[in-house]
Protein chains: 2
Amino acid sequence: MAGAVHCGIKSTDQEDLTILASEADASVAIMTTTNQVVGAPVLWLRRILPRGAGKARAIVVNSGCSNVCTGPHGLGDAEAMATQTGELLGCPAEKVLVASTGIIGHRLPMTKVRKGIAAAAGRLNLRQDSAVLRGMMTTDTREKSAVVQTTIGGKTVTVAGIVKGSGMIAPSMATMIALITTDVAISPANLRKALLAACAGSFNAITVDSDTSTSDTVAMFASGKAGNKSLKPGTRDYARFAAALAEVCYELARSVVIDGEGATKLVEVAVTGARSDAEAKIAAKSVADSPLFKCAIHGGDPNWGRIAAALGKSSAKIDPDKLKIRIGGVMIFSGGTGRKFDLPRVEAHLAGPEVNVACDLGLGKGKFTALTCDLSREYITINADYHT
Amino acid sequence: MAGAVHCGIKSTDQEDLTILASEADASVAIMTTTNQVVGAPVLWLRRILPRGAGKARAIVVNSGCSNVCTGPHGLGDAEAMATQTGELLGCPAEKVLVASTGIIGHRLPMTKVRKGIAAAAGRLNLRQDSAVLRGMMTTDTREKSAVVQTTIGGKTVTVAGIVKGSGMIAPSMATMIALITTDVAISPANLRKALLAACAGSFNAITVDSDTSTSDTVAMFASGKAGNKSLKPGTRDYARFAAALAEVCYELARSVVIDGEGATKLVEVAVTGARSDAEAKIAAKSVADSPLFKCAIHGGDPNWGRIAAALGKSSAKIDPDKLKIRIGGVMIFSGGTGRKFDLPRVEAHLAGPEVNVACDLGLGKGKFTALTCDLSREYITINADYHT
């Protein structure tokens, strides 16, 4: 069940508070930011779910104010949100997750928040309307969600997720706020295992601006209402569920990058042939974070020099003579230098909404694919004109 | 002696080839990029000066083409430049340094280069005119040089330097191309020692866009014409020389950041109180490279949330409760949260050409100061409209 309202935290009239609730306790798993400066809601999550998984009933999310760096009152405000939501749903505060997103350094307007929680709780329904999503959006320009169904033990089960996030995106654990639900039966520990695996190639593979947020949170609820036998790793049903979850996470993460601040293109940077997967990730992220590379993509320029330079500055091992670079499948660099290539074909690919850059390091079997976007004047406009 | 000409490597009529020569063999020391993709000129320098220091007569520098990723011909072209310059000056090729800057992936137009070397060698004179500097400029908008004089053994000695560089600036050894000369007598090994120390707080402390160049080169010549007793580390004269050299390097590095692509402000990020100098450097660079922080500075916003987030995402240890952040000397963050502060005073400071951000981590004695610039729409314009 979900409900969302506008309670006045944001100055616009957009929804700014969302409650997502399960009818009974669900298995939950979370991933939160690795930033050392963390928001009070993340501290609350770590208190109620010290191992990142457990049983819970609901999550209350607000936008417009992230409750980060708000001093000793911050954690109290987060707890008050959980307590009030729990009272309305008939469960203890410890069964209610909290997430906040928006400006850093301002205390939550708790009078408005209290009214909002009461109103949203009174409005809980089974229809997943987009107000729920709008309730957690900030600089987002699109409503981002994903649903995958699969068959487990002869039953159709669903994995559904929503996400907000557009700037300060370089998750090293999770991105901004993503909420995922499923009706599958699974223990909290196994749910967390599946979530960790799904995040590795999705939320932890994207970057908009190399800035890791203080509030990154992915929270997942599994209600068990599908009635399947509780999933165990190593079984075919678990694998099917994990694949569905990975697909939902990938779609959500991808939609965050497409909606990256100022972004006009989605860029996939696929590194293969690294000495290890870890080095492939370092190399792919070095390209995906390079402002010169991102400007070149924005300008539609197949600038392999900047790609080679970004690979070379990383701590992953590179041998320019073994390196091959392709854009849109067309080889543009090999043997230590640029090649003659079909420029109109590559330029046409670069002019499209999705760009594929493939770098084969030629040194081993390590691989990783990072998702990023181009860097435009609009990113500067959004982030220079925004005032605290 | 120096001379510069326009020989046609650049399509504008600006000078594009510079020769800097000593009348006799000088002590030389170099620092080159740590990027794993390196230009042919850097390979030539590493061949003739395998320990980063030695004796040499001259350096020939061209702009407009960096001779990077040019395949097996690249090193031959660099060597040909050294050979021809050596013949004209009466010394072997191994006594001539080479540096190239400009577009990556195109072979040097050697017919033009040969004519340029002949013309520049015929024009060598003792007057340091700005054509010499223009001969190595690319996207630079200013001529950047620095001179410091000091007294050694009762004699006035001079340290003078010139530098080019504006984009692809995140040296982890040296920045683009800087040439420094002195009349001091000093052995190559001791000259390199002094240069390494001077670069640590200057060229290795700056960033424009976190992209490390493939061609970074600092080359220093010491002619010995001052007639002093050869300088030895541990003496007062060496310390005086090292201080003068550090000042020249700092001024040159600073001028690169002021002329950073699209930059409108110079930003000093001073981190103190880190557990070690190494962690202070990691923390300072994390802030200095953060696009969100750089956009906030561009917009004149004292956004301490982005500073705290950039510190927190780094691998340096941070405790938000011990962290203090000042802008222009005014404390804006302490005790885990923002403080009430004199906003007009801080905004006035942010409106000026030089911004000072001081972060005291409160954890130890480690310190490091990084220099960066703001991030503007102009950076995108320069780098998206530039085509290979």
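How many residues of chain A are in contact with chain B, and how many of chain B with chain A? The count is 51 residues of chain A against 51 residues of chain B. The model is predicted. The legends below start with the interface and end with a single side chain.

**View 1. The side of chain A that touches chain B.** Of chain A, 51 residues are in contact with 51 residues of chain B. Four elements of chain A each supply at least two residues of this side: α8 (291-298), α9 (304-313), β12 (337-338) and α11 (377-385). The largest share, eight residues, comes from α9(A). By residue class, the side of chain A that touches chain B holds 20 nonpolar, 25 polar and six charged residues.

**View 2. The axis between the two copies.**

View 3. Four residues of α11(A) are buried: Y379(A), I380(A), N383(A) and A384(A). Around the helix axis they cover an arc of only 110 degrees, which puts them on the same side of α11(A). An α-helix has 3.6 residues a turn, so residues three or four places apart point the same way. What do the buried residues of α11(A) pack against in chain B? Their partners are α8 (291-298) and α11 (377-385) of chain B.

**View 4. Chain A as a whole.** Chain A has 11 helices and 14 strands. Its C-alpha trace spans about 70 × 50 × 35 Å along the principal axes. Buried residues make up 60% of the 388 residues in chain A. Take the contacts in chain A with a separation of 6 or more: residues 24 or more positions apart account for 80% of them.

**View 5. The six-stranded sheet of chain A.** The sheet is open, with its strands in the order β12-β11-β10-β13-β9-β14 (chain A) and mixed pairing. Which strands of chain A stand at the edges? They are β12 and β14 (366-373) of chain A. Each has a single partner strand, so one side of each is left without a neighbour in the sheet. Strand β9 (residues 266-274) of chain A runs antiparallel to β14(A), joined by seven bridges. In this pair, A270(A) stands opposite T369(A).

View 6. Strand β10 (residues 324-327) of chain A has I325(A) and I327(A) on its covered face. K324(A) and R326(A) lie on the uncovered one. β10(A) pairs with strand β13 (residues 354-360) of chain A in the antiparallel sense over four bridges. There, I325(A) stands opposite C359(A). Strand β11 (residues 330-334) of chain A is also antiparallel to β10(A), through three bridges. R326(A) stands opposite M331(A) in β11(A). β10(A) and β11(A) form a hairpin with two residues between them. In the turn, G328(A) has a positive phi of about 55 degrees.

**View 7. The sheet of chain B.** Chain B has an open sheet of six strands with mixed pairing, in the order β12-β11-β10-β13-β9-β14 (chain B). At its edges stand β12 (337-338) and β14 (366-373) of chain B, each with a single partner strand, so one side of each lacks a neighbour in the sheet. Strand β10 (residues 324-327) of chain B pairs with strand β11 (residues 330-334) of chain B over three bridges, in the antiparallel sense. I325(B) stands opposite F333(B) in this pair.

View 8. L45(B) is found in helix α1 (residues 40-48) of chain B. Is L45(B) buried or exposed? L45(B) is buried, with 26 other C-beta atoms within 10 Å; the cut-off for a buried residue is 20 or more. Not counting residues up to four places away in sequence, L45(B) touches I30(B), T32(B), L97(B) and T217(B). The C-alpha atoms of L45(B) and A99(B) are separated by 8.5 Å, although the two residues are 54 residues apart along the chain.

Notes
Residues numbered from 1 in each chain as written. Chains lettered and ligands numbered in written order. Contact = placed C-beta atoms within 7 Å. Nonpolar A, V, L, I, M, F, W, Y, C, P; charged D, E, K, R; others polar. Buried ≥ 20, exposed ≤ 12 C-beta atoms within 10 Å, placed from the backbone. Pairing = 2+ DSSP bridges. Arc of directions from axis to C-beta.
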